[in-house]
Amino acid sequence: MGADHGLSERAYAALKLDLVEGELPPGRVRIPHLVERYQAGATPVREAMLRLVGEGLLIMPERGGFEVPALDETAVGHLYAIAQCTILDAAACQVGASSPLAFDERDETDPAPPIERLFEFLAARTGNPYFLVRVQSLNDQMRRIRRAEERRLSGLQREFAALLGQIRRDERPSVRRSLIAYHKRRLRHLPEIVGAIPPARRA
């Protein structure tokens, strides 16, 4: 039981990283391929895949099996929309925070785009763990999109610094306006961003 659980956890971690970083192409996923890739049995791999369906990184179509969802304009637009709603709610809901939190804008150990850590900070500051889980899940789903933003949008550091300053000064009306402008800007540039999403590096 313990050994099987360990295999499932390793398969889950490896598969999740591949999905977040765009290592697997959109479309049907063959379980035998993943069994070989992760050196795990079919059962641990299937368990890992079911967990990742719950996190939105895989889907189970009606015809059966598992698929990596495509990041087309419709899907990316929907992700930006739900991200905006979630982050706005998190920014406005801080009454449950048990103690002040500090945001470290320079984390040398974290290769993720800094906006992901800032959004997680806003979620953690609510004191509501469900906000944090939701934001972390969105960050995973949007990692490749944010890499594409870095390729197509200018002034990201300036935009980030302005938002961070407003958050630190607790200027909630300004934070709200900035978050709305942040997402509107990306929706205006949706075709360019989608076109710059890196293709899967390995099949």
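**Entry 1: the largest pocket**

I began with the largest pocket, and found that H7 gives the most to its lining, with five residues. The model I am reading is predicted. I then looked up which other helices take part. Helix H5 (114-125), helix H6 (129-152), helix H7 (156-168) and helix H8 (172-188) each supply at least two residues of this lining.

For the space inside the largest pocket I noted about 350 Å³. The lining has 14 residues, and those closest to the centre are Pro114, Ile115, Leu156, Gln157 and Phe160. Sorted by class, the lining of the largest pocket holds seven nonpolar, one polar and six charged residues.

**Entry 2: the second largest pocket**

Next I turned to the second largest pocket, where about 220 Å³ of space lies. I counted 19 residues in the record of its lining, and Gly56, Leu57, Pro69, Leu71 and Gln141 lie nearest its centre. Two or more lining residues come from each of helix H1 (2-20), helix H4 (73-92) and H6.

Which element supplies the largest share of the lining of the second largest pocket? I found that H6 does, with five residues.

**Entry 3: the chain as a whole**

I stepped back to the whole chain. I noted nine helices and two strands. Reading along the sequence, I wrote down the pattern α-β-α-α-β-α-α-α-α-α-α.

How many of the residues count as buried? The chain has 203 residues, and 43% of them are buried. The chain exposes about 11100 Å², and carbon and sulfur atoms supply 55% of that area.

I also looked up the contacts between residues at least 6 apart in sequence. Of these contacts, 73% join residues at least 24 apart.

**Entry 4: two residues with positive phi**

I looked up backbone angles next. Gln39 has a phi near 50°, which is a positive value in a residue other than glycine. I placed Gln39 in the loop between helix H2 (31-38) and helix H3 (42-54).

Is Gln39 buried or exposed? Gln39 counts as exposed because its relative accessibility is 63%, and the cut-off for exposed is over 50%.

The other entry under this heading is Asp170. Its phi is positive too, about 60°, although Asp170 is not a glycine. I found Asp170 in the loop between H7 and H8. Asp170 has 40% relative accessibility and therefore counts as partly exposed, since that class runs between the 20% limit for buried and the 50% limit for exposed.

**Entry 5: the aromatic pair**

Last, I looked for aromatic pairs. The structure holds one. The partners are Phe119 and Tyr182, with 5.6 Å from centre to centre and 80° between the planes, and the pair is edge-to-face.

Where in the chain do Phe119 and Tyr182 sit? Phe119 is in helix H5 and Tyr182 is in helix H8, 63 residues apart, and the pair links distant parts of the chain. I checked burial as well: both Phe119 and Tyr182 are buried.

Terms used: Residues are numbered from 1 along each chain as its sequence is written. This is a predicted model: local features need pLDDT of at least 70, side-chain atom pairs count only at pLDDT 80 or more; totals for chains, interfaces and linings use all residues. Side-chain values use heavy atoms; hydrogens and water are left out. Helices (H or I, at least four residues) and strands (E, at least two) are DSSP runs, numbered from the N terminus. Buried means under 20% relative accessible area, exposed over 50%, partly exposed in between (1.4 Å probe, protein chains only). Contact means heavy atoms within 4.5 Å. Accessible areas come from the Shrake-Rupley method with a 1.4 Å probe; for residues, only the protein chains shown count as cover. On a 1 Å grid over the protein atoms alone, a cavity is a set of points where a 1.4 Å probe fits but cannot get out, and a pocket is an open set with protein on both sides within 12 Å along at least five of seven lines; lining residues have an atom within 4 Å of a point. Grid points are joined across faces, edges and corners, and a volume is the space filled by probe spheres set on the points. Ala, Val, Leu, Ile, Met, Phe, Trp, Tyr, Cys and Pro count as nonpolar, Asp, Glu, Lys and Arg as charged, and the others, Gly among them, as polar. Rings of Phe, Tyr and Trp (its six-membered ring) pair if their centres lie within 6.5 Å; planes under 30 degrees apart count as stacked, over 60 as edge-to-face and the rest as tilted.
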